[in-house]
Amino acid sequence: MGYEAPIWRAISAFRIASLVYALALIVQHHALLARPWLAWTVFAAMVAWTAVAGYAYAADHHRHWRLLLVDLTVTFACQAATMFAASPGYLRMAPPLTATWFGGAALAAAVIGGRRWALIIAVGYGIVDITVRVTLGLDITAATPRGMVLLILAGFAVGYMTHIAQAAERRFAAAVELEARTRERERLARSIHDSVLQVLAIVQRRGTELGGEAADLGRLAGEQEAKLRALIGVQAQADRMPVDAGAAASATGVEEGRADLSARLGALACGRITVSAPAAPVLLAQRAVEQISAAVQAALANVERHCPGETRVWLLVEDEGDTVTVTVRDDGPGMEESRIDEAASDGRLGIAQSIKGRVRDLGGETAVFTAPGEGTEIEMRVPR
(Lines give C-alpha, C1' and ligand atoms only; values in the text may rest on other atoms or scores of the structure.)
Protein backbone atom coordinates (compact mmCIF):
# COMPACT_ATOMS: atom_id res chain seq x y z
CA MET A 1 0.00 0.00 0.00
CA GLY A 2 3.03 2.27 0.28
CA TYR A 3 2.30 5.74 1.59
CA GLU A 4 -1.45 5.05 1.76
CA ALA A 5 -1.14 2.47 4.55
CA PRO A 6 -0.98 5.10 7.35
CA ILE A 7 -4.01 6.86 5.84
CA TRP A 8 -6.12 3.70 5.98
CA ARG A 9 -5.02 3.06 9.56
CA ALA A 10 -6.03 6.62 10.45
CA ILE A 11 -9.46 6.18 8.83
CA SER A 12 -9.98 2.93 10.76
CA ALA A 13 -9.07 4.71 14.00
CA PHE A 14 -11.53 7.49 13.12
CA ARG A 15 -14.32 4.95 12.57
CA ILE A 16 -13.63 3.30 15.93
CA ALA A 17 -13.67 6.65 17.74
CA SER A 18 -16.95 7.47 15.99
CA LEU A 19 -18.44 4.21 17.28
CA VAL A 20 -17.63 5.26 20.82
CA TYR A 21 -19.44 8.56 20.22
CA ALA A 22 -22.46 6.76 18.71
CA LEU A 23 -22.62 4.45 21.72
CA ALA A 24 -22.61 7.46 24.05
CA LEU A 25 -25.51 9.00 22.07
CA ILE A 26 -27.61 5.82 22.38
CA VAL A 27 -27.00 5.50 26.11
CA GLN A 28 -27.55 9.19 26.84
CA HIS A 29 -30.74 9.60 24.78
CA HIS A 30 -32.10 6.07 25.00
CA ALA A 31 -35.49 7.29 26.25
CA LEU A 32 -35.96 9.48 23.17
CA LEU A 33 -35.48 6.65 20.67
CA ALA A 34 -38.63 5.58 18.84
CA ARG A 35 -37.36 2.03 18.34
CA PRO A 36 -34.41 1.30 20.64
CA TRP A 37 -33.98 -2.21 19.26
CA LEU A 38 -33.50 -0.78 15.76
CA ALA A 39 -30.97 1.74 17.06
CA TRP A 40 -28.96 -1.08 18.64
CA THR A 41 -29.24 -3.08 15.41
CA VAL A 42 -27.87 -0.14 13.41
CA PHE A 43 -25.07 0.25 15.93
CA ALA A 44 -24.22 -3.46 15.63
CA ALA A 45 -24.11 -3.11 11.84
CA MET A 46 -21.80 -0.11 12.22
CA VAL A 47 -19.46 -2.12 14.48
CA ALA A 48 -19.41 -5.09 12.10
CA TRP A 49 -18.77 -2.97 9.02
CA THR A 50 -16.03 -1.01 10.77
CA ALA A 51 -14.17 -4.27 11.37
CA VAL A 52 -14.77 -5.55 7.83
CA ALA A 53 -13.87 -2.26 6.13
CA GLY A 54 -10.74 -1.78 8.23
CA TYR A 55 -9.38 -5.18 7.18
CA ALA A 56 -10.58 -4.95 3.57
CA TYR A 57 -9.08 -1.53 2.85
CA ALA A 58 -5.77 -2.53 4.42
CA ALA A 59 -5.60 -5.66 2.25
CA ASP A 60 -6.96 -4.05 -0.92
CA HIS A 61 -3.75 -3.22 -2.78
CA HIS A 62 -5.65 -2.34 -5.97
CA ARG A 63 -8.17 0.04 -4.39
CA HIS A 64 -11.19 -1.79 -5.83
CA TRP A 65 -14.08 0.52 -6.47
CA ARG A 66 -16.49 -2.28 -5.56
CA LEU A 67 -15.35 -2.13 -1.95
CA LEU A 68 -15.97 1.62 -1.87
CA LEU A 69 -19.45 1.20 -3.36
CA VAL A 70 -20.33 -1.38 -0.70
CA ASP A 71 -18.94 0.94 1.97
CA LEU A 72 -21.09 3.84 0.76
CA THR A 73 -24.17 1.64 0.49
CA VAL A 74 -23.83 0.42 4.07
CA THR A 75 -23.09 3.92 5.37
CA PHE A 76 -26.02 5.58 3.60
CA ALA A 77 -28.32 2.73 4.72
CA CYS A 78 -27.33 3.23 8.36
CA GLN A 79 -27.90 6.98 8.00
CA ALA A 80 -31.33 6.47 6.42
CA ALA A 81 -32.33 4.03 9.21
CA THR A 82 -32.26 7.00 11.57
CA MET A 83 -35.78 8.01 10.47
CA PHE A 84 -37.11 4.68 11.76
CA ALA A 85 -35.03 4.41 14.93
CA ALA A 86 -35.13 8.01 16.21
CA SER A 87 -38.05 10.16 17.19
CA PRO A 88 -38.41 13.86 16.34
CA GLY A 89 -37.56 14.65 19.94
CA TYR A 90 -34.26 12.74 19.66
CA LEU A 91 -33.17 14.65 16.57
CA ARG A 92 -34.00 17.96 18.30
CA MET A 93 -31.70 17.02 21.18
CA ALA A 94 -28.89 15.06 19.48
CA PRO A 95 -27.32 14.40 16.07
CA PRO A 96 -28.04 11.17 14.14
CA LEU A 97 -26.21 8.01 15.26
CA THR A 98 -24.10 8.09 12.10
CA ALA A 99 -23.27 11.81 12.30
CA THR A 100 -19.51 11.30 12.72
CA TRP A 101 -19.24 7.65 11.65
CA PHE A 102 -20.36 8.64 8.16
CA GLY A 103 -17.08 10.54 7.78
CA GLY A 104 -15.12 7.27 7.49
CA ALA A 105 -16.77 6.42 4.17
CA ALA A 106 -16.38 10.00 2.96
CA LEU A 107 -12.64 9.94 3.69
CA ALA A 108 -12.28 6.54 2.00
CA ALA A 109 -13.99 7.96 -1.09
CA ALA A 110 -11.57 10.90 -1.05
CA VAL A 111 -8.57 8.57 -0.89
CA ILE A 112 -9.76 6.36 -3.75
CA GLY A 113 -11.65 8.81 -5.97
CA GLY A 114 -10.03 12.11 -5.11
CA ARG A 115 -11.47 15.48 -4.14
CA ARG A 116 -14.43 15.30 -6.54
CA TRP A 117 -15.75 12.25 -4.79
CA ALA A 118 -15.40 14.03 -1.46
CA LEU A 119 -17.74 16.73 -2.79
CA ILE A 120 -20.24 14.18 -4.17
CA ILE A 121 -20.39 12.19 -0.90
CA ALA A 122 -20.84 15.37 1.17
CA VAL A 123 -23.76 16.45 -1.02
CA GLY A 124 -25.27 12.95 -0.72
CA TYR A 125 -24.99 13.15 3.06
CA GLY A 126 -26.85 16.45 3.05
CA ILE A 127 -29.63 15.09 0.83
CA VAL A 128 -30.26 12.05 3.05
CA ASP A 129 -30.13 14.14 6.23
CA ILE A 130 -32.65 16.64 4.84
CA THR A 131 -34.91 13.76 3.69
CA VAL A 132 -34.89 12.24 7.19
CA ARG A 133 -35.74 15.55 8.87
CA VAL A 134 -38.49 16.37 6.38
CA THR A 135 -40.00 12.90 6.81
CA LEU A 136 -40.10 13.36 10.59
CA GLY A 137 -41.59 16.86 10.26
CA LEU A 138 -38.53 18.70 11.56
CA ASP A 139 -37.13 22.05 10.49
CA ILE A 140 -33.87 22.19 8.55
CA THR A 141 -31.31 23.70 10.92
CA ALA A 142 -27.80 25.04 10.40
CA ALA A 143 -26.41 21.65 11.51
CA THR A 144 -27.01 20.12 8.08
CA PRO A 145 -24.97 22.61 6.01
CA ARG A 146 -22.29 22.63 8.71
CA GLY A 147 -21.98 18.86 8.42
CA MET A 148 -21.70 19.10 4.64
CA VAL A 149 -19.01 21.78 4.85
CA LEU A 150 -16.98 19.76 7.35
CA LEU A 151 -17.16 16.68 5.13
CA ILE A 152 -16.10 18.70 2.08
CA LEU A 153 -13.13 20.25 3.89
CA ALA A 154 -11.99 16.94 5.38
CA GLY A 155 -12.43 15.13 2.09
CA PHE A 156 -10.56 17.79 0.12
CA ALA A 157 -7.67 17.72 2.60
CA VAL A 158 -7.38 13.92 2.60
CA GLY A 159 -7.82 13.70 -1.17
CA TYR A 160 -5.10 16.26 -1.80
CA MET A 161 -2.76 14.61 0.70
CA THR A 162 -3.31 11.24 -0.96
CA HIS A 163 -2.61 12.71 -4.39
CA ILE A 164 0.67 14.18 -3.15
CA ALA A 165 1.63 10.89 -1.43
CA GLN A 166 0.93 8.85 -4.56
CA ALA A 167 3.00 11.23 -6.70
CA ALA A 168 5.85 11.06 -4.18
CA GLU A 169 5.67 7.26 -4.14
CA ARG A 170 5.89 7.10 -7.93
CA ARG A 171 8.86 9.47 -7.98
CA PHE A 172 10.58 7.50 -5.23
CA ALA A 173 10.06 4.20 -7.09
CA ALA A 174 11.41 5.76 -10.29
CA ALA A 175 14.44 7.10 -8.40
CA VAL A 176 15.15 3.69 -6.87
CA GLU A 177 14.86 2.01 -10.26
CA LEU A 178 17.13 4.63 -11.86
CA GLU A 179 19.69 4.20 -9.07
CA ALA A 180 19.68 0.42 -9.54
CA ARG A 181 20.13 0.75 -13.30
CA THR A 182 22.92 3.30 -12.83
CA ARG A 183 24.81 1.10 -10.37
CA GLU A 184 24.54 -1.93 -12.63
CA ARG A 185 25.70 0.12 -15.61
CA GLU A 186 28.65 1.42 -13.59
CA ARG A 187 29.56 -2.11 -12.51
CA LEU A 188 29.54 -3.32 -16.10
CA ALA A 189 31.49 -0.26 -17.21
CA ARG A 190 34.20 -0.96 -14.64
CA SER A 191 34.49 -4.55 -15.77
CA ILE A 192 34.76 -3.50 -19.41
CA HIS A 193 37.28 -0.79 -18.60
CA ASP A 194 39.46 -3.21 -16.62
CA SER A 195 39.58 -5.67 -19.49
CA VAL A 196 38.48 -4.77 -23.01
CA LEU A 197 39.19 -1.03 -22.98
CA GLN A 198 42.62 -1.47 -21.43
CA VAL A 199 43.56 -4.06 -24.05
CA LEU A 200 42.33 -1.86 -26.88
CA ALA A 201 44.26 1.10 -25.48
CA ILE A 202 47.48 -0.94 -25.26
CA VAL A 203 47.01 -2.24 -28.81
CA GLN A 204 46.51 1.30 -30.05
CA ARG A 205 49.60 2.56 -28.22
CA ARG A 206 51.88 -0.28 -29.27
CA GLY A 207 50.61 -0.27 -32.84
CA THR A 208 51.34 3.46 -33.14
CA GLU A 209 54.85 2.91 -31.78
CA LEU A 210 55.58 0.04 -34.19
CA GLY A 211 54.19 1.78 -37.28
CA GLY A 212 53.36 0.13 -40.59
CA GLU A 213 50.51 -2.36 -40.60
CA ALA A 214 50.61 -2.39 -36.80
CA ALA A 215 49.75 1.32 -36.88
CA ASP A 216 46.61 0.53 -38.88
CA LEU A 217 45.74 -2.15 -36.33
CA GLY A 218 46.30 0.40 -33.55
CA ARG A 219 44.08 2.91 -35.31
CA LEU A 220 41.27 0.38 -35.62
CA ALA A 221 41.68 -0.54 -31.96
CA GLY A 222 41.41 3.15 -31.05
CA GLU A 223 38.22 3.53 -33.08
CA GLN A 224 36.67 0.49 -31.43
CA GLU A 225 37.67 1.82 -28.02
CA ALA A 226 35.91 5.12 -28.73
CA LYS A 227 32.78 3.34 -29.96
CA LEU A 228 32.71 1.08 -26.91
CA ARG A 229 33.05 4.04 -24.56
CA ALA A 230 30.15 5.74 -26.33
CA LEU A 231 28.09 2.55 -26.07
CA ILE A 232 28.67 2.30 -22.33
CA GLY A 233 27.44 5.86 -21.93
CA VAL A 234 28.44 6.25 -18.29
CA GLN A 235 29.39 9.79 -17.32
CA ALA A 236 31.04 10.55 -14.00
CA GLN A 237 28.80 12.53 -11.68
CA ALA A 238 30.75 14.92 -9.47
CA ASP A 239 27.70 15.72 -7.38
CA ARG A 240 26.76 12.07 -6.82
CA MET A 241 25.85 11.42 -3.18
CA PRO A 242 28.31 9.01 -1.56
CA VAL A 243 27.12 5.73 -0.18
CA ASP A 244 26.53 5.89 3.55
CA ALA A 245 29.52 4.37 5.29
CA GLY A 246 27.41 2.55 7.84
CA ALA A 247 25.20 1.02 5.18
CA ALA A 248 28.23 -0.03 3.16
CA ALA A 249 29.87 -1.57 6.20
CA SER A 250 26.67 -3.42 6.96
CA ALA A 251 26.51 -4.69 3.38
CA THR A 252 30.08 -5.97 3.46
CA GLY A 253 29.58 -7.49 6.87
CA VAL A 254 27.18 -10.07 5.51
CA GLU A 255 29.80 -11.47 3.15
CA GLU A 256 31.04 -14.84 4.32
CA GLY A 257 34.76 -15.00 5.14
CA ARG A 258 37.47 -12.39 5.40
CA ALA A 259 40.69 -11.94 3.46
CA ASP A 260 44.12 -10.41 3.99
CA LEU A 261 44.47 -7.23 1.96
CA SER A 262 48.25 -7.16 2.47
CA ALA A 263 48.67 -10.60 0.95
CA ARG A 264 46.42 -9.76 -1.99
CA LEU A 265 48.28 -6.55 -2.83
CA GLY A 266 51.68 -8.04 -2.02
CA ALA A 267 51.27 -10.35 -4.99
CA LEU A 268 51.47 -7.27 -7.24
CA ALA A 269 55.09 -6.58 -6.30
CA CYS A 270 57.63 -6.75 -9.13
CA GLY A 271 60.71 -4.95 -10.36
CA ARG A 272 58.87 -1.69 -10.96
CA ILE A 273 56.27 -1.99 -8.17
CA THR A 274 57.28 -1.82 -4.51
CA VAL A 275 54.69 -2.91 -1.95
CA SER A 276 54.88 -1.83 1.70
CA ALA A 277 52.35 -3.32 4.11
CA PRO A 278 52.06 -4.12 7.83
CA ALA A 279 53.60 -7.38 9.02
CA ALA A 280 50.29 -8.41 10.57
CA PRO A 281 47.42 -9.38 8.24
CA VAL A 282 45.05 -6.57 7.28
CA LEU A 283 41.77 -8.45 7.43
CA LEU A 284 38.73 -7.08 5.62
CA ALA A 285 35.54 -8.55 4.22
CA GLN A 286 36.15 -10.59 1.08
CA ARG A 287 34.16 -8.18 -1.06
CA ALA A 288 36.10 -5.17 0.25
CA VAL A 289 39.45 -6.85 -0.50
CA GLU A 290 38.32 -7.71 -4.02
CA GLN A 291 37.10 -4.17 -4.74
CA ILE A 292 40.21 -2.49 -3.32
CA SER A 293 42.46 -4.87 -5.25
CA ALA A 294 40.56 -4.12 -8.46
CA ALA A 295 40.87 -0.37 -7.82
CA VAL A 296 44.64 -0.71 -7.26
CA GLN A 297 45.02 -2.73 -10.45
CA ALA A 298 43.08 -0.05 -12.33
CA ALA A 299 45.54 2.54 -10.99
CA LEU A 300 48.47 0.38 -12.10
CA ALA A 301 46.86 -0.03 -15.53
CA ASN A 302 46.72 3.77 -15.83
CA VAL A 303 50.45 3.92 -15.08
CA GLU A 304 51.09 1.29 -17.75
CA ARG A 305 49.04 3.20 -20.26
CA HIS A 306 50.03 6.81 -19.63
CA CYS A 307 53.58 6.66 -18.20
CA PRO A 308 56.97 5.73 -19.72
CA GLY A 309 58.12 2.14 -19.41
CA GLU A 310 60.69 2.91 -16.68
CA THR A 311 58.14 4.53 -14.34
CA ARG A 312 58.30 3.16 -10.79
CA VAL A 313 55.31 2.62 -8.52
CA TRP A 314 55.12 2.49 -4.73
CA LEU A 315 52.13 0.78 -3.13
CA LEU A 316 51.56 1.49 0.58
CA VAL A 317 49.00 -0.24 2.84
CA GLU A 318 48.22 1.35 6.24
CA ASP A 319 46.02 -0.23 8.90
CA GLU A 320 44.63 2.61 11.06
CA GLY A 321 42.16 0.56 13.10
CA ASP A 322 38.83 1.98 11.99
CA THR A 323 40.04 2.61 8.46
CA VAL A 324 42.45 1.12 5.96
CA THR A 325 44.39 3.41 3.63
CA VAL A 326 45.94 2.25 0.37
CA THR A 327 48.20 4.65 -1.51
CA VAL A 328 49.44 4.20 -5.07
CA ARG A 329 52.28 6.59 -5.97
CA ASP A 330 54.29 6.79 -9.21
CA ASP A 331 57.16 8.94 -10.42
CA GLY A 332 55.67 9.43 -13.86
CA PRO A 333 55.16 12.72 -15.69
CA GLY A 334 52.03 13.61 -13.72
CA MET A 335 49.28 15.77 -15.16
CA GLU A 336 47.03 18.74 -14.54
CA GLU A 337 44.29 17.89 -12.01
CA SER A 338 41.71 19.30 -14.40
CA ARG A 339 42.43 16.37 -16.75
CA ILE A 340 40.70 14.03 -14.28
CA ASP A 341 37.38 15.85 -14.67
CA GLU A 342 37.89 16.13 -18.43
CA ALA A 343 38.52 12.39 -18.69
CA ALA A 344 35.37 11.67 -16.66
CA SER A 345 33.25 13.90 -18.89
CA ASP A 346 34.65 12.07 -21.95
CA GLY A 347 33.62 8.69 -20.53
CA ARG A 348 37.13 7.60 -19.49
CA LEU A 349 36.40 5.60 -16.39
CA GLY A 350 39.87 4.74 -15.08
CA ILE A 351 39.75 7.07 -12.06
CA ALA A 352 36.09 8.12 -11.96
CA GLN A 353 34.61 4.63 -11.78
CA SER A 354 37.21 1.87 -11.69
CA ILE A 355 38.94 3.56 -8.74
CA LYS A 356 36.71 6.19 -7.12
CA GLY A 357 33.52 4.30 -7.85
CA ARG A 358 34.73 1.11 -6.19
CA VAL A 359 35.99 2.92 -3.11
CA ARG A 360 32.79 4.96 -2.89
CA ASP A 361 30.68 1.80 -2.97
CA LEU A 362 32.61 0.59 0.08
CA GLY A 363 31.77 3.80 1.91
CA GLY A 364 35.28 5.21 1.49
CA GLU A 365 36.92 8.25 -0.06
CA THR A 366 39.53 8.74 -2.76
CA ALA A 367 41.97 11.63 -3.08
CA VAL A 368 44.18 12.23 -6.13
CA PHE A 369 47.29 14.42 -5.94
CA THR A 370 49.11 15.17 -9.18
CA ALA A 371 50.92 17.92 -11.03
CA PRO A 372 53.04 18.07 -14.21
CA GLY A 373 56.50 16.61 -13.54
CA GLU A 374 55.61 15.43 -10.01
CA GLY A 375 53.99 12.07 -10.62
CA THR A 376 50.58 10.98 -9.38
CA GLU A 377 49.44 9.79 -5.95
CA ILE A 378 46.07 8.10 -5.38
CA GLU A 379 44.98 7.68 -1.77
CA MET A 380 42.07 5.35 -1.02
CA ARG A 381 40.57 5.32 2.50
CA VAL A 382 38.03 2.61 3.31
CA PRO A 383 36.22 2.09 6.66
CA ARG A 384 36.27 -1.36 8.26
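**Entry 1: the cores**

I began with the largest nonpolar core, which has 46 residues. The residues with the most contacts inside this core are Trp-8, Met-46, Tyr-57, Leu-68, Tyr-90 and Leu-91. I then looked up which elements give two or more residues to the core, and found helices H1 (5-28), H2 (36-59), H3 (65-80), H4 (82-85), H5 (88-93), H6, H7 (115-135) and H8 (143-210). Apart from this core lies another one, of 33 residues, and I noted Val-296, Val-328, Met-335 and Val-359 among them. A reminder to myself: this is a predicted model.

**Entry 2: Tyr-90**

Which residues does Tyr-90 touch, not counting residues up to four places away in sequence? I found Leu-25, His-29, Leu-32 and Leu-33, along with Pro-95, Pro-96 and Leu-97.

**Entry 3: Thr-98**

Next I went to Thr-98, in the loop between H5 and H6. Is Thr-98 buried or exposed? Its relative accessibility is 0%, so I wrote it down as buried. Leaving aside residues up to four places away in sequence, Thr-98 touches Met-46, Cys-78 and Gln-79. Met-46 was already on my page as one of the residues with the most contacts inside the largest nonpolar core.

**Entry 4: helix H6**

I followed the chain into H6, which covers residues 102-113 and has 12 residues. From its first C-alpha to its last I get 17 Å, close to the 16 Å expected at 1.5 Å a residue. How many of the 12 residues of H6 are buried? The count is 11 of the 12, so H6 is largely enclosed by the rest of the structure. The buried residues are Phe-102, Gly-103, Gly-104, Ala-105, Ala-106, Leu-107, Ala-108, Ala-109, Ala-110, Val-111 and Ile-112. After H6 comes Gly-114, with a positive phi near 95°.

**Entry 5: the UniProt record**

The unreviewed UniProt entry lists residues 12-31, 37-58, 65-87, 117-136 and 148-165 under "transmembrane region". I compared two of these spans with the model. Residues 37-58 are 100% helix and 0% strand, and their end C-alpha atoms lie 32 Å apart. Residues 117-136 are 95% helix and 0% strand, with 29 Å between the end C-alpha atoms.

**Entry 6: Gly-137**

Gly-137 has 58% relative accessibility, so I logged it as exposed. The C-alpha atoms of Gly-137 and Pro-88 are separated by 7.5 Å, although these residues are 49 residues apart along the chain.

**Entry 7**

I moved on to the strands. S4 and S5 form a hairpin with three residues between them, and they pair in the antiparallel sense over seven bridges. In the turn, Gly-321 has a positive phi of about 85°. S5 also pairs with S7 in the antiparallel sense, over eight bridges. Which residues sit across from Thr-327 of S5? Leu-316 stands opposite Thr-327, and in S7 the bridge partner of Thr-327 is Glu-379. S5 is mostly covered, as seven of its eight residues are buried.

**Entry 8: salt bridges**

I searched the whole structure and found six salt bridges. Three of them went into my notes in detail.

One joins the side chains of Arg-384 and Asp-319 at 2.6 Å, N to O. Arg-384 lies in the segment after S7 (376-383) and Asp-319 in S4 (residues 313-319), so the pair ties together parts that are 65 residues apart in sequence. Both ends are partly exposed: Arg-384 has a relative accessible area of 36%, and Asp-319 is at 34% relative accessibility.

Another joins Glu-320 and Arg-381 through their side chains at 3.2 Å, N to O. This pair links distant parts of the chain, 61 residues apart, with Glu-320 in the loop between S4 and S5 (323-330) and Arg-381 in S7. Glu-320 is partly exposed at 39% relative accessibility, and Arg-381 is partly exposed at 33%.

For Glu-377 and Arg-329 I read 3.9 Å, N to O, between the side chains. Why does this pair tie together parts that are 48 residues apart in sequence? The reason is that Glu-377 lies in S7 and Arg-329 in S5. Glu-377 is partly exposed, with a relative accessible area of 22%, and Arg-329 counts as partly exposed at 31% relative accessibility.

Key
Residues are numbered from 1 along each chain as its sequence is written. This is a predicted model: local features need pLDDT of at least 70, side-chain atom pairs count only at pLDDT 80 or more; totals for chains, interfaces and linings use all residues. Side-chain values use heavy atoms; hydrogens and water are left out. Helices (H or I, at least four residues) and strands (E, at least two) are DSSP runs, numbered from the N terminus. The expected span of a helix is 1.5 Å times one less than its number of residues. Buried means under 20% relative accessible area, exposed over 50%, partly exposed in between (1.4 Å probe, protein chains only). UniProt positions are given in the numbering used here, feature names are shortened, and annotations may be inferred rather than shown by experiment. A nonpolar core is a set of buried Ala, Val, Leu, Ile, Met, Phe, Trp, Tyr and Cys residues joined through side-chain atoms within 4.5 Å. Contact means heavy atoms within 4.5 Å. A salt bridge is a side-chain nitrogen of Lys or Arg within 4 Å of a carboxyl oxygen of Asp or Glu. Two strands pair if DSSP finds at least two bridges between them.
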